[in-house]
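Me: I have a new structure open and would like to learn how to read it. Could you walk me through some features, one at a time?

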Amino acid sequence: MLSIILTSLTFIFTTAILIPLFMVVINVSAKGVNQLKFPDTFTQLPPPPGLTEGGFGHAIIGTLITLAIASSIAVPFGILSAIYLAEFGRGSKIAYLVKFSANVLTGVPAILCGLFAYSVVVMPMGGFSAFSGGVALAVLMLPIIVRATEEALLLVPNEMRQAAIGVGSTRFQMVISIIIPAALPAIITGVVLALARAAGEAAPLLFTAFNNNFWATDPMQPIATLPVLIYFFSIIPYKASQDLAWAAAMVLVAIVLIFSIVARLAGKQKAFYS
Amino acid sequence: MTTFDDIQDKVPAPSLEKKISSDRVLDVGFWGLTLLLAISAGAVLIWVILQTANSSLPAIQQFGLGFLTTMTWNPVTNIYGVLPQIYGTLVTSFIALLIAIPVGVGVAVFLTEDFVPRYITTPIAFAIELIVAIPSVVLGLWGIFVLIPFLRPFFQFLNNTFGWIPIFGGGAPRGNNLLVVGLVLSLMIVPLIISITRSTFEVLPPSLRAGSLALGATRWETILKVLIPAGLSGIISSVMLALGRAMGETMVAAMMVGNANRIDISILQPGATITGLIASQFGEAGRLQVSALMYAGLVLMVLSLIVNILAELIIRRFQNIE
């Protein structure tokens with residue numbers, strides 16, 4: 001009897017999680033599709049308060065720019081650190097501490113990455129900027145990339161390292177021409193997952209990239225991004241702005257879901273060693 | 001006829017030593033670069049902590065530890081304290097855990113214990129992982145415009161029927177309240193608990209399960225008395241990580257908690273969280289207020305470091321046993 005109750009409980013719990021998930025996806029796509037007006041939504045600026053029409057092209061560009069800044073910092077930094085952890089310092093005290101710190105950094109709330117970027121970049125430079133937003137997102141992405149790349153490198157069989165050293169390559173040549181190509185699909189998965197995570201974060205951008213109602217591409221100026229735009233537009237009492245928030249939510253969810261699914265598919269793709 | 005010696009004379013011998021030394025420089029340089037960057041990557045955490053502490057110094061000097069027990073947040077008189085925010089953060093996280101722990105462990109059991117075939121569990125597991133990918137600001141938007149209107153009658157019902165219990169009491173229930181934030185947070189942390197608990201169950205030695213079943217235990221006796229105790233450290237660390245995530249989640253709290261600077265025993269009333277405070281106040285903050293917000297961030301940092309380091313240590317101890 002007890003086991004029947006428990007078994008049905010697990011079924012109920014599983015359904016109970018799936019329902020809100022489907023509700024979010026359905027609501028966002030239904031409300032979002034209604035508001036999408038091609039091509040205005042993607043090419044126009046938001047309307048002044050009280051008026052209708054318009055779009056959020058500037059926020060899409062802004063999201064791409066901040067992500068580009070963040071990945072140009074976090075991707076080389078993260079991959080090279082992971083190469084040390086997996087190839088040169090495997091099992092060392094330094095590697096242990098760095099991994100520990102990266103794991104803890106993954107758990108640090110995203111908003112604190114924003115506070116950090118505020119006090120390191122915004123305060124000395126005297127204003128909000130796309131660059132500071134990139135720095136905040138880079139802090140967020142770094143531990144994800146380090147961990148994913150390290151795991152990817154550890155999966156490369158040791159025979160390949162021995163073979164490379166055996167034919168006389170240096171460790172640099174081994175890593176660059178043998179190990180990295182072998183681990184590339186898994187590394188790309190990690191980077192894309194980090195990008196997907198960063199693309200959806202509003203909290204670190206609130207007081208770094210801030211917001212901008214106009215087209216901006218200068219990295220030293222405040223810039224609009226999709227998550228921050230959704231936040232600001234959802235808490236003001238104008239119907240037109242709220243509608244735009246839903247459309248932006250749909251675009252953002254689509255971007256993030258596509259990133260996550262692509263990342264998982266890329267990870268499934270077999271590297272040549274397996 | 002050309003001999004080998006002739007050819008060898010004509011072809012200049014490659015300067016072997018020069019090549020080796022440039023390779024060697026590159027090799028050592030690369031090693032040094034990766035070492036330097038690895039150490040810097042490790043130091044980022046310390047840098048983040050120190051920088052936040054440094055920026056909150058003026059507020060620490062001004063308010064000291066009294067900051068943690070003060071109920072006021074007044075930019076006019078420049079008196080700041082975060083007691084209501086600490087309370088709200090703990091209450092919403094507690095509600096989230098209260099729901100997410102049984103649900104998460106239950107679903108993890110459902111997905112690993114072969115109640116239904118793999119071709120059903122695999123897509124379900126994939127769908128649950130996708131919840132993590134939904135940006136929190138989108139969940140906040142959904143919460144404001146869909147979930148709160150939907151739950152309003154339910155809040156009213158709780159208040160009418162169980163109003164004599166203080167946590168459901170207070171005046172008329174509000175849409176923005178601690179309970180709804182806890183609910184959405186539980187949705188956000190459940191996938192984390194599921195995925196870690198699942199992998200814990202999957203790495204348990206098969207002999208445990210086989211031994212228990214051979215002794216005549218039923219499936220649920222095996223799950224409750226053998227598998228869950230054996231995987232307890234994994235479950236606990238997943239709960240710690242989930243707690244850390246719930247405390248640090250910003251947008252859902254900022255958009256739905258109501259940002260009311262007060263402590264109300266009723267979870268159907270608006271409250272505040274540390275993250276919501278930082279997100280909603282930072283825009284128009286003056287110098288001392290920015291410092292006070294940094295101090296609030298530091299409090300959050302300490303809370304999240306404690307749970308994350310505990311989780312990490314538990315996971316590592318568990319892995320060493322494996």
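**Salt bridges, interfaces and a helix face**

Reply: Let's start with a charged pair: A:R171 forms a salt bridge with B:D27, and their closest N and O atoms are 3.4 Å apart. A:R171 sits in helix α8 of chain A and B:D27 in helix α2 (residues 16-55) of chain B, so this pair joins two chains. Keep in mind that the model is predicted.

Me: Are the two partners, A:R171 and B:D27, buried or exposed?

Reply: Relative accessible area is the value to look at, and under 20% is called buried. B:D27 counts as buried at 7%, while A:R171 is partly exposed at 32%.

Me: How many salt bridges are there between chain A and chain B, and how many over all chains?

Reply: Between chain A and chain B the count is 2, and over all chains it comes to 9.

Me: What can a salt bridge within chain B tie together?

Reply: Look at B:R209 and B:E113, whose side chains meet at 2.8 Å, N to O. B:R209 lies in helix α8 (residues 206-214) of chain B and B:E113 in the loop between α4 (83-112) and α5 (118-133), so the pair ties together parts that are 96 residues apart in sequence. B:E113 is buried at 9% relative accessibility; B:R209 is partly exposed at 23%.

Me: How should I read the size of an interface?

Reply: Interface size is often given as the accessible area lost when the parts come together. Chain A and chain B bury about 6800 Å² between them, with carbon and sulfur atoms giving 82% of that area. In contact there are 71 residues of chain A and 73 residues of chain B. The polar side of the picture includes 11 residue pairs in polar contact, both at pLDDT 80 or more. The largest share of the side of chain A that touches chain B comes from α1(A), with 16 residues.

Me: And what is the area buried between domain 1 and domain 2 of chain B?

Reply: Chain B is divided into domain 1 (20-55) and domain 2 (66-321). The contact takes 6 residues from each of these domains. Together they bury about 500 Å², 83% of it on carbon and sulfur atoms. On the domain 1 side, B:I49, B:T52 and B:S55 supply 77% of the area buried against domain 2. The count of salt bridges between the two domains is 0, and there is 1 residue pair in polar contact, both at pLDDT 80 or more.

Me: Last one: which residues of helix α7 of chain A are buried, and which exposed residues lie on the face turned away?

Reply: A helix can be read by looking down its axis. In α7 (residues 158-166) of chain A, the buried residues are A:M160, A:R161 and A:A164. They fall within an arc of 100° seen down the axis, so they line one face of the helix. The face turned away from them carries the exposed residues A:E159, A:Q162 and A:G166. As for neighbours, the buried residues of α7(A) pack against α3 (57-88), α6 (130-155) and α8 (171-199) of chain A. Just after α7(A), A:G168 takes a positive phi of about 95°.

Terms used: Residues numbered from 1 in each chain as written. Chains lettered and ligands numbered in written order. Predicted model: local features only at pLDDT ≥ 70, side-chain atom pairs only at ≥ 80, totals over all residues. Heavy atoms only, no water. Buried < 20%, exposed > 50% of the residue type's maximum accessible area, 1.4 Å probe, protein only. Helix = DSSP H or I, 4+ residues; strand = E, 2+ residues; numbered from the N terminus. Arc of directions from axis to C-beta. Contact = heavy atoms within 4.5 Å. Domains from an automatic or database assignment. Buried area = accessible area lost by both parts, 1.4 Å probe. Salt bridge = Lys/Arg side-chain N within 4 Å of Asp/Glu carboxyl O. Polar contact = N/O pair within 3.5 Å; in protein donor to acceptor, adjacent residues only side chain to side chain.
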